Amino acid sequence: MMEWLLIIDGGATKTACALVHAESGEIKYTKSTSGSNYQAIGATSATEILQALLANVQAFLQQQDDSNIAVATFAMAGIDSPKDHEAVSAIIHNAVSAIQLKIETLIIENDAQSTLLGVAAGQAGALLIAGTGSIAYAFNGTQIVRSGGWGHRAGDEGSGYWLGQEVIRAIFHMEDGRGESTILKNAVYDYLRIQDVTELATWLFRPSYTNAQLAKMGAFLAEAVTKKDACAIQISMRAAHELVSLACAVLKKIDYQGEAFSLYCNGGAIKHNPLIFKTFSQEMQSRYPQIEVSLCQHQPIHYLMERTKMAYDSL
């Protein structure tokens, strides 16, 4: 019987899946769709998105001879508490049952936790993610702990959403005459094809607004920084300091004592803004000289695949 590993990366912005041949480790099928964080879109929509994705997986497997999903990892954003885990598990089980997809071993975890286990290959390490939201996980070999990830209403400092919010706020302050001039205004206005601040407010409060759309506004910072825009530099530096605070908090939870340790960083907010990563790295290493800070070099699905392989090998 041909055995497969199924990986689902259910983020706030995108949901990606991959089918991996268990023996060879080759990815044989991939597909992606919109975000499936139930906290953002609701349980019904999340179920529909996963069901459609899994239906495509089922169609692919039906073309293979005598196939079986040995391990499936659902690494999902929005699992922040036992209650969330229960809710997401129900969503996944409903989607799997609806298309009668057979899975021998099912793993349901927070996406950042799964990524850490994969990127660190089961060894001690920490992972800071600054994507649409921000969260940090640390693993000391026996215990996994977390800081951040509490959502845009209460936190997510240093995230893409936070950056986008700061960019928009800076533009409003500039237009009001209570903030400095910034080239971020032209970048945002051109992107949104608007002419003035009232149109920006209309865009921000329209019914179809999403957090992911606001997070995109933070992408203009990196270019503005290269052009020495003081406002963009200030926002980026503040983001780096917020992420340092987040990383230090999670290290304290595992009682980090200054030994050699790997801290991995992922997410567009930190990967696509060199000033944020440089400032973050320098400050972390000044506090903890033995920490090695590095950017994840692969897409999250790659690390989730490693995490799933470890689970398969342990069966």
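Predicted model: local features only at pLDDT ≥ 70, side-chain atom pairs only at ≥ 80, totals over all residues.
**Entry: Glu166**

With that cut-off, and leaving aside neighbours within four places in sequence, I find Glu166 in contact with Ile235 and Arg238. I looked up where Glu166 sits and found its place in helix 5, which covers residues 160-176. Is Glu166 buried or exposed? Its relative accessible area is 11%, and since buried means under 20%, I note Glu166 as buried. For its side chain I recorded a polar contact with the side chain of Arg169, at 2.5 Å.

**Entry: Leu275**

I next turned to Leu275, whose place is in helix 12, residues 274-287. Not counting residues up to four places away in sequence, I list Val225, Ile233, Ser236 and Met237 as the residues that Leu275 touches. One of these, Val225, is 50 residues away along the chain, yet its C-alpha atom and that of Leu275 are separated by 7.8 Å.

**Entry: the sheet 3-2-1-4-5**

I then traced an open sheet of 5 strands, in which the order is 3-2-1-4-5 and the pairing is mixed. At its edges I find strand 3 (27-34) and strand 5 (103-110), each of which pairs on one side only. From one strand to the next the twist averages 15°.

Going through the pairs, I began with strand 1 (residues 2-10) and strand 2 (residues 14-21), which run antiparallel and are joined by 7 bridges; here Ile7 stands opposite Ala18 of strand 2. Strand 2 also pairs with strand 3 in the antiparallel sense, over 7 bridges, and in strand 3 I find Tyr29 opposite Leu19.

How many of the 10 residues of strand 4 are buried? I find 9 of them buried, so that I describe the strand as mostly covered.

As for the helices on this sheet, helix 3 (residues 82-98) lies across strand 4 (67-76) and strand 5, and runs at about 145° to strand 5. Helix 13 also packs on the sheet, where it touches strand 1, strand 2, strand 3, strand 4 and strand 5, its direction making about 135° with that of strand 1.

**Entry: the sheet 8-7-6-9-10**

Another open sheet is formed by 5 strands in the order 8-7-6-9-10, again with mixed pairing. Strand 8 (144-148) and strand 10 (291-295) stand at its edges with a single partner strand each, and therefore one side of each is left without a neighbour in the sheet. The twist here averages 15° from one strand to the next.

In this sheet I followed strand 9 (residues 261-266), which runs parallel to strand 10 and is joined to it by 5 bridges; Ser262 stands opposite Glu292 in strand 10. Helix 10 (residues 230-253) packs on the sheet and touches strand 6, strand 7, strand 8, strand 9 and strand 10, its direction making about 150° with that of strand 8. Helix 4 (residues 111-119) lies across strand 6 (125-130), strand 7 (134-139), strand 8 and strand 9, and runs at about 45° to strand 7.

**Entry: helix 4 against helix 13**

Finally I looked at how helix 4 meets helix 13 (residues 300-313): what do their axes do? The axes come within 7 Å and cross at roughly 75°, which means that helix 4 is roughly perpendicular to helix 13. From helix 4 the contact is made by Asp111, Ser114, Thr115, Leu117, Gly118 and Val119, and from helix 13 by Tyr303, Leu304, Glu306, Arg307 and Met310. I sorted the residues of this contact by type and recorded 5 nonpolar, 3 polar and 3 charged. I close by noting that helix 13 is also listed above as packing on the sheet that holds strand 1, while helix 4 lies across strands that include strand 7.

Key. Residues numbered from 1 in each chain as written. Heavy atoms only, no water. Helix = DSSP H or I, 4+ residues; strand = E, 2+ residues; numbered from the N terminus. Contact = heavy atoms within 4.5 Å. Pairing = 2+ DSSP bridges. Axes fitted to C-alpha atoms, helices over the stretch in contact; angles between N-to-C directions. Buried < 20%, exposed > 50% of the residue type's maximum accessible area, 1.4 Å probe, protein only. Polar contact = N/O pair within 3.5 Å; in protein donor to acceptor, adjacent residues only side chain to side chain. Parallel < 35°, antiparallel > 145°, perpendicular 65-115°, else oblique. Nonpolar A, V, L, I, M, F, W, Y, C, P; charged D, E, K, R; others polar.
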